[in-house]
Every structure is written in structure tokens, then in C-alpha cells.
Amino acid sequence: MIDPRLQQALDGERDPATLPAELREAYARLAGAVRMLAAVPRLSVADRVMAEIQGSPSRRVMRWWTRPRDFTVRLRPAWTLAIAAVLGAVLLLPMGPDSGTPLPGASEGVAQFVGHFPGARSVEVVGSFNDWSRGALALRDENHDGIWHGAAVLPAGQHEYMFVVDGDRWVADPLAGRYVDDGFGAGRENALLIVRPAGEGNAR
């Protein structure tokens, strides 16, 4: 609490010379502080807002870009696993120098898939190499000419496969040349693919 006599002197209600010695020193310090504050230009909230709005666009952009911000990234467990799997695949599979196809290892080969499906909206390959799972190997038709193609690195050996057209039509590759019974009867067959190790040539 400020001494009432000191307060009176600061308010101009009392002659500072009548203050005791110990209060005159405090009065001098406070009076100096008052003079310093009086010399500082006063800006209202409205003045500061208008100055901010009327600043140049480049300064506003710079202030926005350099202003510190707090943010939190929250990922659901399923998304975290999916992102980790994708990053792992990108980091672990060496890429070819031009086509973007992963380079096969010593006991692997590159399988080329080609199918003619005019008017199809999507074509993918499922087989024993991906546990007949949908969405693992989609083919592309960049020229929109009905020729769908794609490539995958597979372990050397025999693999059964089929094309899935438009998500619901399962078709054995008519160009495979080799077929095996699908095990479900009714004379249905799966196409058969033989993958040679990379040093021995492409899959056929």
C-alpha cells in the first residue's frame, strides 16, 4: 500500500516539499516513472487493430508465417499401421532406375500382367501370391484403349491368379497358356504363372 501522504503529493493535493525525507525519495522515483509513461504514445485497441489491417500484404503474410503455432497430430491406430506399412514398403523395396518397378532379389522375378478389357472401369490381379486379396495389385490403362497392364515382383515359382474386372467379374487370363483347376468344381480354372529368378529372364 502506498503512503497516503505520498499519494496526495502525486495527485497534486500536497506540496512534495512537505514530505518527510524518506518519502521525498520515493516521490522522485514515482514522478520520474509518471513522466516516462506520459511520453509514450498511447494507442487504443481500435488503433492497433486498424494498424494491423492496413499493413502491407507482404508484412501481414510474413507475420502470419513466422508467428508460432501449436498443433497436434492425432492418428487412429488403423491409419498409423497403414502409414507405417506404406513407408516400410517404400523404404525396403529398391526402385528401378526408369520404370519405377521394384528391383527383384536373387530369388524373385518381375511378373508382367496384361489384359484386354475394353470399357472396364477397373482391373486388378488377385492370386496365390497375395492370398487372393483385393486391392493389392491394380492394373492401369493410361491410353484408355482397353489394354490394362501392370508389374509386380514375386517370389520365383508357380503362382495361380485371376483378373477382377470392375470389382465383381473374375476372369482367368485368356493369354496365360497354362491353367489349373481352382478346386471349387464346375470346371473352373485359374491362370498359372511361372516366375523365373531375375537372372533367368521374365515371368511367363
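## Exercise 1: Strand partners

In this predicted model, strand β4 and strand β5 (residues 169–171) pair in the antiparallel sense over three bridges.

**Task.** Find the bridge partner of phenylalanine 163 in β5, then see what joins these strands.

**Solution.** 
- Step 1: Start at phenylalanine 163 and cross to β5, where valine 171 is the bridge partner.
- Step 2: Follow the hairpin of β4 and β5, which has three residues between the strands. Aspartate 166 takes a positive phi near 55° there.
- Step 3: β2 pairs with β4 in the antiparallel sense over five bridges, and glycine 127 has tyrosine 161 of β4 as its bridge partner.
- Step 4: β7 also pairs with β4 in the antiparallel sense, over five bridges. Leucine 193 in β7 stands opposite histidine 159.

## Exercise 2: Aromatic rings

**Task.** Work out why the pair of phenylalanine 113 and phenylalanine 129 counts as tilted, and which parts of the chain the pair ties together.

**Solution.** 
- Step 1: Count the aromatic pairs, using ring centres within 6.5 Å as the cut-off. The count comes to four.
- Step 2: Check the distance and angle. The ring centres of phenylalanine 113 and phenylalanine 129 are 6.1 Å apart and the planes stand at 35°, so this pair is tilted.
- Step 3: Phenylalanine 113 is in strand β1 (residues 108–116) and phenylalanine 129 is in the loop between β2 (123–127) and β3 (147–155), so the pair ties together parts 16 residues apart in sequence.
- Step 4: The centres are 5.4 Å apart with 80° between the planes, an edge-to-face pair. Phenylalanine 117 sits in the loop between β1 and β2, and phenylalanine 163 in β4 (residues 157–165), 46 residues apart.
- Step 5: One aromatic cluster is formed by Phe113, Phe117, Phe129, Tyr161 and Phe163.

## Exercise 3: Into the core

**Task.** Are phenylalanine 117 and phenylalanine 163 buried or exposed, and which residues of the largest nonpolar core touch the most other members?

**Solution.** 
- Step 1: Both phenylalanine 117 and phenylalanine 163 are buried. Phenylalanine 113 is buried as well, with a relative accessible area of 2%.
- Step 2: The largest nonpolar core has 19 residues, and Phe113, Phe117, Val123, Tyr161 and Phe163 touch the most other members.
- Step 3: Trace the strands behind this core: β1, β2, β3, β4 and β7 (189–195) each supply at least two of its residues.
- Step 4: Another core, of five residues, lies apart from this one, and Leu6, Leu19, Leu23 and Ala26 are among its members.

Methods. Residues are numbered from 1 along each chain as its sequence is written. This is a predicted model: local features need pLDDT of at least 70, side-chain atom pairs count only at pLDDT 80 or more; totals for chains, interfaces and linings use all residues. Side-chain values use heavy atoms; hydrogens and water are left out. Rings of Phe, Tyr and Trp (its six-membered ring) pair if their centres lie within 6.5 Å; planes under 30 degrees apart count as stacked, over 60 as edge-to-face and the rest as tilted. Helices (H or I, at least four residues) and strands (E, at least two) are DSSP runs, numbered from the N terminus. Buried means under 20% relative accessible area, exposed over 50%, partly exposed in between (1.4 Å probe, protein chains only). A nonpolar core is a set of buried Ala, Val, Leu, Ile, Met, Phe, Trp, Tyr and Cys residues joined through side-chain atoms within 4.5 Å. Two strands pair if DSSP finds at least two bridges between them.
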